[in-house]
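I opened my notebook to get to know a new structure. Here it is, and my entries follow.

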Amino acid sequence: FELTPVITAGYAVVRAALALLLGVRYTWRAAVGTVLVLTLLFFGLEKLPWPLMILVLVVLSWQVGGTKVGLLTLFGLSFMLFTGVWQLAMRSLYLCLAAVLVSFVVGGLLGIWASQNYRVSRTLRPINDTLQTMPLFVLLIPVLMFFQIGEFTAFLAIIAYAIVPAIRYTEHGLRHVDPAVIEAAEAIGCKRYQLLWQVRLPLAIPEIMLGLNQTIMLALSMLVVTALVGTRDLGQEVFTALQRADTGLGVIAGLSIAFIAIIADRFANLTSKRIGARLGV
């Protein structure tokens with residue numbers, strides 16, 4: 001549907017008012033974050049103006065990782081822009097971001113459940129082994145049976161392949177918390193849910209964030225395979241280059257995927273270190 005000028009103007013007023021309210025009540029970061037999120041919802045990731053997208057990502061990476069990470073992000077995004085694959089890169093980013101978010105949330109919850117219940121853990125273990133060792137192309141077949149060709153099929157296939165690290169690393173991190181800390185928490189009267197949310201999860205943050213990192217890497221590696229089910233993104237460019245034996249096109253698309261992966265890896269690692277330092281782990 002298309003927004004009328006009146007609705008568009010109303011949305012802009014609401015966005016400005018909400019940002020002002022959060023800025024006054026909390027901090028300027030809350031206001032800026034609100035403006036960015038609402039702007040992204042209005043334009044969508046693919047239609048967001050590229051100067052704004054580059055500015056936001058570069059400033060964010062600079063704040064998280066310093067000058068080197070900021071320059072790396074600027075170089076990678078500029079490469080995608082000047083080689084003409086910007087829109088395809090944004091579509092790939094959108095697809096992977098959505099799949100990683102679902103994989104991390106669902107996989108994290110399953111990992112928490114498995115860490116608290118050995119029967120669930122034993123049930124999930126062969127499923128994870130199957131998903132992790134099965135050839136990538138085979139994962140597309142059952143999804144194709146129900147949803148045919150399209151980006152939603154690719155979305156589900158990426159989730160099926162990328163969800164395993166989120167489950168395994170979350171369970172591993174929660175199960176291998178220092179027993180002495182657990183005993184101390186139980187001795188002071190922590191209940192089971194307090195033990196999970198206030199002791200185990202904070203101490204397992206490094207392993208959980210490592211699972212997020214691996215989830216991102218696997219989601220990006222699945223992009224080329226999902227080109228077989230009709231996605232129109234960087235994976236499709238790699239597949240087209242392979243069919244035409246076009247080295248230039250393949251290198252450009254491959255390097256663009258690599259830049260997205262490297263930037264995401266730096267973000268995940270540095271965010272994990274910050275959270276760990278804040279929690280003292």
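Which helix gives the most to the lining of the largest pocket? I found that helix 2 does, with 10 residues.

**Ground rules.** I am looking at a predicted model, where local features need pLDDT of at least 70, side-chain atom pairs count only at pLDDT 80 or more, and totals for chains, interfaces and linings use all residues. Residues are numbered from 1 along each chain as its sequence is written, and side-chain values use heavy atoms, with hydrogens and water left out.

**The pocket.** I looked up the volume of the largest pocket, and it is about 1500 Å³. A pocket here is an open set of points on a 1 Å grid over the protein atoms alone, where a 1.4 Å probe fits, with protein on both sides within 12 Å along at least five of seven lines; lining residues have an atom within 4 Å of a point. The volume is the space filled by probe spheres set on the points, which are joined across faces, edges and corners. I counted 43 lining residues, with Val56, Leu57, Leu60, Leu97 and Phe267 nearest the centre. Elements giving two or more residues to this lining include helix 2 (28–43), helix 3 (50–65) and helix 14 (247–279). Helices are DSSP runs (H or I, at least four residues), numbered from the N terminus. By class, the lining has 35 nonpolar, six polar and two charged residues. Nonpolar means Ala, Val, Leu, Ile, Met, Phe, Trp, Tyr, Cys and Pro; charged means Asp, Glu, Lys and Arg; the others, Gly among them, are polar.

**Helix 5 and helix 8.** I found their axes 6 Å apart, at an angle of about 40°. Axes are lines fitted to C-alpha atoms over the stretch in contact, and angles run from 0 to 180 degrees between N-to-C directions. That angle makes helix 5 oblique to helix 8, because angles under 35 degrees count as roughly parallel, over 145 as roughly antiparallel, 65 to 115 as roughly perpendicular and the rest as oblique. Their contact has 18 nonpolar, six polar and four charged residues.

**Tyr169.** I located Tyr169 in helix 8. Tyr169 is partly exposed, with a relative accessible area of 28%; buried means under 20%, exposed over 50% and partly exposed in between, with a 1.4 Å probe and protein chains only.

**Ala245.** Last, I checked the loop between helix 13 (234–244) and helix 14, where Ala245 lies. Phi of Ala245 is near 55°, a positive value in a residue other than glycine. Ala245 counts as exposed, at 63% relative accessibility.
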